[in-house]
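Please look over the chain shown below before reading the explanation that accompanies it.

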Amino acid sequence: MRKKNKFVRMLIAVLSAMIFSLMVLGGRLFTNIEEDTFVSEEEDRIVVGMSQLGSESGWRTANTESVQNVFTQQNGYFLIFHNARQRQENQIKAIRSFISQRVDYIVFAPVVETGWETVLQEAKEAGIPVILMDRNVDVKDKSLYVTRVGSNFVEEGERAGRWLEDYLSRHGKDDETVNIVVLKGTQGSSSQIGRTAGFSSVAALHGNWYIMEQEYADFTSAKGKEVMESFLRKYPDIDVVVSQNDDMTFGAIEAIRESGRTVGIGGDITIISFDAVHAALEMVAEGTINVDIECNPNQGEVLSRVIGMLEDGEEVEQQYYVEEDVFTIKNVTQEVLQKRNY
């Protein structure tokens, strides 16, 4: 699959990355050249161009590190890394740059699901396999990418709904009206779409669950707090907050406490969160967050295994899901916290 003259191709990649970085520094597409280009002098490296959607959260930072820790010179890779700063146009430019650099593989975490057909067709015509990381794309032609490595977001949403079912049953509240607000992530992102659909499918089975409002909060703490403040002003009787990532949850909890209400076990408002980063699990252990649905960012090893299969000419599946768990105060132990790398 790889072309023969690796040294020439890597030289082109280095020069192209430097030129590309200099061209876009004024627009702050990259933090700096050093962050985005990793250089190898060996001739047999597998050249990977990776576009990360941004650095909006601790989860995303861990996701980036899992890739950078695997795609190293020592492991036989030459990595060109790009941070899209949450802008799809930046990712499209980066992918086209990877194509011009004739990389072996393109890996990217799409900001949103739509609008990728043209650039992915260009990669296909150039003979460069594309692997999706974390999120998905909505394209009619599934051959535009070879596989996706990440989480099952619909299942995550369903897990949140099933936990709430069990929680209400254990507390004898099966028949009571349950008022719910939802903090959604970035509009059009795979995690936002999947978690919304999964939770909504369970909620639809319960006539006494009332989703009063759902609002986008962009996966950030600041926006989470802002949206939660708006919910609290409009709805004095909120029972449950479903927050589609921990960063938004942190902001929402701050807003709730400032309003004079309490959260978590024994509190006024039940908190359902997603991602299960270390700081959030500490809040689960102390009873502030009732449940946290894990979204595993450690996807680098799986990506490397998939590329190894492709290098050996093996067929790959269309999806590879990472292992994930559901965390409550019952299973967040000190051992779990100590092992957490994000």
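Predicted model: local features only at pLDDT ≥ 70, side-chain atom pairs only at ≥ 80, totals over all residues.

Residues are numbered from 1 along each chain as its sequence is written, and side-chain values use heavy atoms, with hydrogens and water left out.

The chain has 12 helices and 12 strands; helices (H or I, at least four residues) and strands (E, at least two) are DSSP runs, numbered from the N terminus. Of its 342 residues, 55% count as buried. Buried means under 20% relative accessible area, exposed means over 50%, and partly exposed lies in between (1.4 Å probe, protein chains only). The accessible surface amounts to about 14,800 Å², and carbon and sulfur atoms hold 48% of it. These areas come from the Shrake-Rupley method with a 1.4 Å probe, and for residues only the protein chains shown count as cover. Among contacts (heavy atoms within 4.5 Å) in the chain with a separation of 6 or more, 74% are between residues 24 or more positions apart.

The interior can be described through its nonpolar cores. A nonpolar core is a set of buried Ala, Val, Leu, Ile, Met, Phe, Trp, Tyr and Cys residues joined through side-chain atoms within 4.5 Å. The largest one has 35 residues, and those with the most contacts inside it are V181, M228, F231, I238, V241, I256 and I271. Two or more residues of this core come from each of α3 (58-68), β6 (178-184), α8 (221-234), α9 (246-258) and α10 (278-285). Helix α9 gives the most, with five residues. A second, separate core of 24 residues includes Y77, F81, V302 and I307.

Leaving out residues up to four places away in sequence, I271 touches V241, T249, I253, I256, V263, G264, T288, I289, N290 and V291. I238 is in the loop between α8 and β8 (240-243) and counts as buried because its relative accessibility is 5%. With the residues up to four places away again left out, I238 touches N179, V181, M212, M228, F231, L232, D268 and I269. I238 and V181 are 57 residues apart along the chain, yet their C-alpha atoms are separated by 7.1 Å.

Next come the cavities. Rolling a probe the size of a water molecule over the atoms shows where empty space is left. On a 1 Å grid over the protein atoms alone, a cavity is a set of points where a 1.4 Å probe fits but cannot get out, and lining residues have an atom within 4 Å of a point. Grid points are joined across faces, edges and corners, and a volume is the space filled by probe spheres set on the points. By this rule there are two cavities of 30 Å³ or more. By class, the lining of the largest cavity has four nonpolar, four polar and six charged residues. Here Ala, Val, Leu, Ile, Met, Phe, Trp, Tyr, Cys and Pro count as nonpolar, Asp, Glu, Lys and Arg as charged, and the others, Gly among them, as polar.

Several single residues complete the picture. S189 is in the loop between β6 and α7 and counts as buried because its relative accessibility is 0%. Apart from its neighbours within four places in sequence, S189 is in contact with V111, V112, E113, R135 and F219. A285, in helix α10, is partly exposed at 32% relative accessibility. Beyond its neighbours within four places in sequence, A285 is in contact with I329 and V332.

Backbone angles single out two more residues. Most residues other than glycine have a negative phi. Q86, in the loop between β2 (77-83) and α4 (88-100), has a positive phi near 70°. A276, in the loop between β9 (270-275) and α10, also has a positive phi, near 70°. Q86 is partly exposed, with a relative accessible area of 29%, whereas A276 is buried at 0%.

Technical notes:
1 Å grid on protein atoms, 1.4 Å probe; cavity = no way out; pocket = protein on both sides within 12 Å on 5 of 7 lines; lining within 4 Å.
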